[in-house]
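This note collects points for a colleague who has the sequence and the coordinates at hand.

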Amino acid sequence: MTSPEFSAGAGRAPEGPPCRHQAALHQCPGGVQSVAPLRATLEGTDRHPGTSLLTLMGFRLEGIFPAALLPLLLTMILFLGPLMQLSMDCPCDLADGLKVVLAPRSWARCLTDMRWLRNQVIAPLTEELVFRACMLPMLAPCTGLGPAVFTCPLFFGVAHFHHIFEQLRFRQNSVGSIILSAGRACRCGYAASTSPAFQFSYTAVFGAYTAFLFIRTGHLIGPVLCHSFCNYMGFPAVCAALEHPQRRRLLAGYTLGVGLFLLLLQPLTDPKLYGSLPLCVLLERAGDSEVPLCS
């Protein structure tokens, strides 16, 4: 994710994001480094005939509408508390907010804003392309789906270590303070998402979630949209919720959102809603009869 983001307002060295996204593109279809071994995995044996490379990477039409809507809805349910908090703190009412969201001028302004494009379009697309569409099909035949879901996000988390190097380079923090800042962030009133150590943990957990979505839906569009939504929302401001004048309602919203998310996680990602899952078919043809995430 584009941490410290997950939010557009977080500062970072100006040269960082373009370089990182160019590097990501060089690892996938913009460059052939990651696609070559993926193609070899798919075509190098006679066990996987008829499976398109793009289909394996989540580019397919079958089940695309539920794959675009249901994972995003599930993620919005998880963020019920932060959405309530955003609504309470917004100076405009719902009608005015909808007018702003639907206004063509607002979208035109966003599309000319490089920071918005980075956080809402470029980062979600390139990072999900590399760490889900390219990496999971290569890892899964070697490790199985379950271990791949938890291995892949580690690379995703490490990809955000440049924030640590930036802070050290510009002497904003020492190594010790960077590691400890995650624990102090909430207590001291700072945004937890500004801690690189925290970013690694958060991005790794988020990466496991989007890897789960990619496997269960067989589509890339769901993880990309969820990534974009989370970049917009940022990390939930739990500390601010605890100090909010309407904290009881907010905490109820946070609790309800997490509860509904856990309750709906399996039903809304049921593979039957999305058609045949290419990655699961690939593993079944390879002789892996136990693929619990595929059912």
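A cavity is a set of grid points where a 1.4 Å probe fits but cannot get out, and a volume is the space filled by probe spheres set on the points. Please note that the model under review is predicted.

1. A search of the whole structure returns one cavity of 30 Å³ or more. The largest cavity holds about 50 Å³ of space. Its lining is made up of Thr55, Leu56, Gly58, Phe214, Ile215, Gly218, Leu277, Pro278, Leu279 and Cys280. Two or more lining residues come from each of α3 (53-56), α12 (196-217) and α16 (278-285). The greatest contribution is that of α16, which supplies three residues.

2. Which classes of residue surround the largest cavity: nonpolar, polar or charged? Seven of the lining residues are nonpolar and three are polar, while no charged residue takes part.

3. The salt bridge within α8. The whole structure contains two salt bridges. In one of them, Arg132 pairs with Glu128, and the closest N and O atoms are 2.8 Å apart. The two residues are four places apart in helix α8, so about one helical turn separates them. In general, an α-helix has 3.6 residues a turn, so residues three or four places apart point the same way.

4. The salt bridge of Glu62. Glu62 forms a salt bridge with Arg60, with 3.3 Å between the closest N and O atoms. Glu62 has a relative accessible area of 44% and is therefore partly exposed, whereas Arg60, at 10%, is buried.

5. Pro137. Helix α8 (residues 114-143) also contains Pro137. With a relative accessibility of 0%, Pro137 counts as buried.

6. The structure holds five aromatic pairs. The ring centres of Phe79 and Phe229 are 5.5 Å apart and the planes meet at 85°, so this pair is edge-to-face. Distant parts of the chain are linked by the pair: Phe79 belongs to the loop between α4 and α5 (80-89), and Phe229 to helix α13 (residues 221-233), 150 residues apart. Both Phe79 and Phe229 are buried.

7. The pair of Tyr202 and Phe235. The rings of Tyr202 and Phe235 have centres 4.8 Å apart and planes at 85°, so they too are classed as edge-to-face. Tyr202 lies in helix α12 and Phe235 in the loop between α13 and α14 (238-242), so the pair ties together parts 33 residues apart in sequence. Tyr202 is buried at a relative accessible area of 16%, while Phe235, at 31%, is partly exposed.

8. A cluster of rings. Phe206, Tyr209 and Phe261 are joined by ring pairs into a cluster.

9. Helix α4. This helix covers residues 64-78, 15 residues in total, and spans 22 Å from its first C-alpha to its last, close to the 21 Å expected at 1.5 Å a residue. Which residues of α4 are buried? They are Ala67, Ala68, Leu70, Pro71, Leu74, Thr75 and Ile77.

Notes: Residues numbered from 1 in each chain as written. Predicted model: local features only at pLDDT ≥ 70, side-chain atom pairs only at ≥ 80, totals over all residues. Heavy atoms only, no water. Expected span 1.5 Å × (residues − 1). Buried < 20%, exposed > 50% of the residue type's maximum accessible area, 1.4 Å probe, protein only. 1 Å grid on protein atoms, 1.4 Å probe; cavity = no way out; pocket = protein on both sides within 12 Å on 5 of 7 lines; lining within 4 Å. Nonpolar A, V, L, I, M, F, W, Y, C, P; charged D, E, K, R; others polar. Salt bridge = Lys/Arg side-chain N within 4 Å of Asp/Glu carboxyl O. Phe/Tyr/Trp six-rings, centres within 6.5 Å; stacked < 30°, edge-to-face > 60°.
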